[in-house]
Amino acid sequence: MTVKPRVAPAPEAPTALAASAVLAGALCLSISAILVKLAGVDAATTAVLRCAIAVLRCAIAVIALIPLALLERRRHGGLSRSGILWAIAAGVALGIDYIAWTASIYLVGAGVATVLVNVQVIVLPLLALIIDRERVSVRFLISLPLMLIGVGLVGGIVTLTEVGDSAVLGTVLGLIAGIGYGVYMFLTRRGTRRKAEGTIQPLAWATASAAVTSAVIAQFTGGLHLTGIGPSAWMYLIALALLGQVVAWLLINRGSVRLVPSMTASLLLIQPVLALVLAALILGEQLTVGQALGAGLVVVAVAVANGVWRRHSRRRRQILREPGSGPR
């Protein structure tokens, strides 16, 4: 009787599945800006509708997150009081991010707005330096001027061609959105540093807080009127909340725990690139030469700040030094 040798599962399979999850989440985030623009297609110039989109996105997402959060609570226990407070504080920053980002989409386009919001990777280490006295890396110092030059090109401050009167305001709003998002990430990081209390419950609390914050800001921009939103806009808003808020972050959170941080960072870099491509294909948005160059510099700066290339090179050298490994 011949016994067949047991074949061990390929070690790349879990990593491939995790990477696929992160890529799928990045794709959902890339589509978010497109859905925002489509949802406001009938009244894209009104600040009221922009605020309504931000508020409704959070509200719909909260409804979807509640049963998932209750299930997590039953399995792993509820959040501590400090965990809830950190999540609420983070949600305030997230609400500011959503309002500013939604408005910037109408001024500089869905693709460029998604590129600009990625300045959060610069904001996060800056806050860690100022507040927690954490050291910054050399790659961060290298990426900072690249990011500033790229932002200047996108907004027309450092211009090669005319980009329009709304570019500067849209760029400023995009930067405010990126700062809000960076603060959200910083507060979430501080809230979960001491004790891991799950991922769904903090997201639900933060999203609810973001909805309230967006609604409060809306009162200073003309109020919140939902009667002008048609059936098609509602469909886009529901898709925006489910894809861009719930599905995207659940996929990214689940996939990233199985990957090294450098791989997760490099995979998420596809988000602004996809947003630019989708905005051109679906919305017909066109970039000037300066804006395209600036967007590219922002993406490169994000990659440098995350140490993507350096870490991948170091990991490759480690693999090649392992016994039995070598070029194929």
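Reader: In which helix is the place of L124?

Author: This is a predicted model, in which local features need pLDDT of at least 70 and side-chain atom pairs count only at pLDDT 80 or more, while totals for chains, interfaces and linings use all residues. Residues are numbered from 1 along each chain as its sequence is written, and side-chain values use heavy atoms, with hydrogens and water left out. Helices are DSSP runs of H or I with at least four residues, strands are runs of E with at least two, and both are numbered from the N terminus. L124 falls within residues 120-132, which form helix α5.

Reader: What separates the C-alpha atoms of L124 and F186?

Author: Contact is defined as heavy atoms within 4.5 Å. Leaving aside neighbours within four places in sequence, L124 is in contact with G182, M185 and F186. L124 and F186 are 62 residues apart along the chain, and the separation of their C-alpha atoms is 5.8 Å.

Reader: How many helices and strands are there in the protein?

Author: Read along the sequence, the pattern is α-α-α-α-α-α-α-α-α-α-α-α-α. The count for the protein is therefore, under the DSSP definition, as follows. There are 13 helices and 0 strands.

Reader: Among contacts between residues at least 6 apart in sequence, what percentage join residues at least 24 apart?

Author: The contacts considered here are those in the protein between residues at least 6 apart in sequence. The share of them that joins residues at least 24 apart is 88%.

Reader: What percentage of the 328 residues is buried?

Author: Buried means under 20% relative accessible area, exposed means over 50%, and partly exposed lies in between, with a 1.4 Å probe and protein chains only. Accessible areas come from the Shrake-Rupley method with a 1.4 Å probe, and for residues only the protein chains shown count as cover. The protein exposes about 17100 Å², of which carbon and sulfur atoms supply 67%. Of the 328 residues, the buried share is 45%.

Reader: Which backbone nitrogen does the side chain of S209 reach?

Author: S209 lies in helix α8, residues 200-218, and counts as buried because its relative accessibility is 10%. A polar contact is a pair of N or O atoms within 3.5 Å; within protein, one must be able to donate a hydrogen and the other to accept it, and residues adjacent in sequence count only if both atoms are side-chain atoms. A polar atom of the S209 side chain lies 2.7 Å from the backbone oxygen of I88. At 3.4 Å, the S209 side chain also reaches the backbone nitrogen of V92.

Reader: How far apart in space are T213 and V92, C-alpha to C-alpha?

Author: T213 also has its place in helix α8, and T213 is buried because its relative accessible area is 12%. Not counting residues up to four places away in sequence, T213 touches G91, V92, G95 and I96. T213 and V92 are 121 residues apart in sequence, and their C-alpha distance is 5.6 Å.

Reader: Is H76 buried or exposed?

Author: H76 is placed in helix α2, residues 47-76. H76 and G198 are 122 residues apart in sequence and 7.6 Å apart in space, C-alpha to C-alpha. Because its relative accessibility is 65%, H76 counts as exposed.

Reader: Which helix gives the largest share of the nonpolar patch?

Author: Patches are made of residues with over 30% relative accessible area and no salt bridge, joining like charges within 9 Å and nonpolar side chains (Val, Leu, Ile, Met, Phe, Trp, Tyr) within 5 Å. A salt bridge is a side-chain nitrogen of Lys or Arg within 4 Å of a carboxyl oxygen of Asp or Glu. L23, I270, V273, V277, L281 and I282 make a nonpolar surface patch of about 510 Å². The largest share, 5 residues, comes from residues 270-283, helix α11.

Reader: Is P272 buried or exposed?

Author: P272 lies in helix α11 and touches T114, V115, N118 and V299, not counting residues up to four places away in sequence. The C-alpha atoms of P272 and N118, 154 residues apart along the chain, are separated by 7.9 Å. Because its relative accessible area is 3%, P272 is buried.
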